[in-house]
Amino acid sequence: MNNAVKALAIIIIGLAVWFSPNPEGVSKEGWHLFAIVLATILGLILQPLPIGAVAMIGVTVAILTKVLKPAEGP
């Protein structure tokens, strides 16, 4: 599978989870963090980019979307 197709699949899955309704008992921020972590794990498995780049993108997206504050990061 082409790296661009892998990256597009990861983004689509992450966005689908992000915009789906959060389950009862899970906060909106928690659900969004789950979507980011899921997309990051898929990126680590499918490897459209090197592992370090995928991890940095996941952390950056979490901070830019204000799901995590920089002080709360890993």
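Reader: Why are α2 and α3 called roughly antiparallel?

Author: In this predicted model, helix α2 (residues 28-46) and helix α3 (residues 51-64) pack at an angle of about 170°, with axes 9 Å apart. Axes are lines fitted to C-alpha atoms, for helices over the stretch in contact, and angles run from 0 to 180 degrees between N-to-C directions. Angles under 35 degrees count as roughly parallel, over 145 as roughly antiparallel, 65 to 115 as roughly perpendicular and the rest as oblique. The pair α2 and α3 is therefore roughly antiparallel.

Reader: What makes the two helices count as being in contact, and which residues of α2 and α3 meet?

Author: Contact means heavy atoms within 4.5 Å. From α2, Ile36, Thr40, Gly43 and Leu44 take part, and they meet Ile51, Val54, Ala55, Gly58, Val61 and Ala62 of α3. By class, this contact has seven nonpolar, three polar and no charged residues. Here Ala, Val, Leu, Ile, Met, Phe, Trp, Tyr, Cys and Pro count as nonpolar, Asp, Glu, Lys and Arg as charged, and the others, Gly among them, as polar.

Reader: How are helices and strands assigned, and how many of each does the protein chain have?

Author: Helices (H or I, at least four residues) and strands (E, at least two) are DSSP runs, numbered from the N terminus. The protein chain has three helices and zero strands, and from the N terminus on its elements run α-α-α.

Reader: On what conditions do the numbering and the values rest?

Author: Residues are numbered from 1 along each chain as its sequence is written, and side-chain values use heavy atoms, with hydrogens and water left out. As the model is predicted, local features need pLDDT of at least 70 and side-chain atom pairs count only at pLDDT 80 or more, while totals for chains, interfaces and linings use all residues.

Reader: How is His32 classed, and what does His32 touch?

Author: His32 lies in helix α2. Its relative accessibility is 11%, so His32 counts as buried. Not counting residues up to four places away in sequence, His32 touches Trp18 and Val67.

Reader: What makes a set of residues a nonpolar core, and which residues form the largest one?

Author: A nonpolar core is a set of buried Ala, Val, Leu, Ile, Met, Phe, Trp, Tyr and Cys residues joined through side-chain atoms within 4.5 Å. The largest has seven residues, namely Val17, Trp18, Trp31, Ala35, Ile36, Ala62 and Val67. Helices α1 (3-19) and α2 each supply at least two residues of this core, and α2 gives the most, with three. One core member, Val17, touches Trp31, Phe34, Ala35 and Leu38, residues up to four places away in sequence not being counted.

Reader: How do you know which class of accessibility applies to Leu15 and Ala55?

Author: Leu15, in helix α1, has a relative accessible area of 44% and is therefore partly exposed. Ala55, in helix α3, has 33% relative accessibility, so Ala55 also counts as partly exposed. The C-alpha atoms of Ala55 and Leu44, 11 residues apart along the chain, are separated by 7.8 Å.

Reader: How do you know whether the radius of gyration agrees with that of a compact globule?

Author: The radius of gyration is taken over C-alpha atoms, and the globule rule is 2.2 Å times the number of residues to the power 0.38. With 74 residues, a compact globule would have a radius of gyration near 11 Å; the protein chain has 12 Å, which agrees.

Key. Buried < 20%, exposed > 50% of the residue type's maximum accessible area, 1.4 Å probe, protein only.
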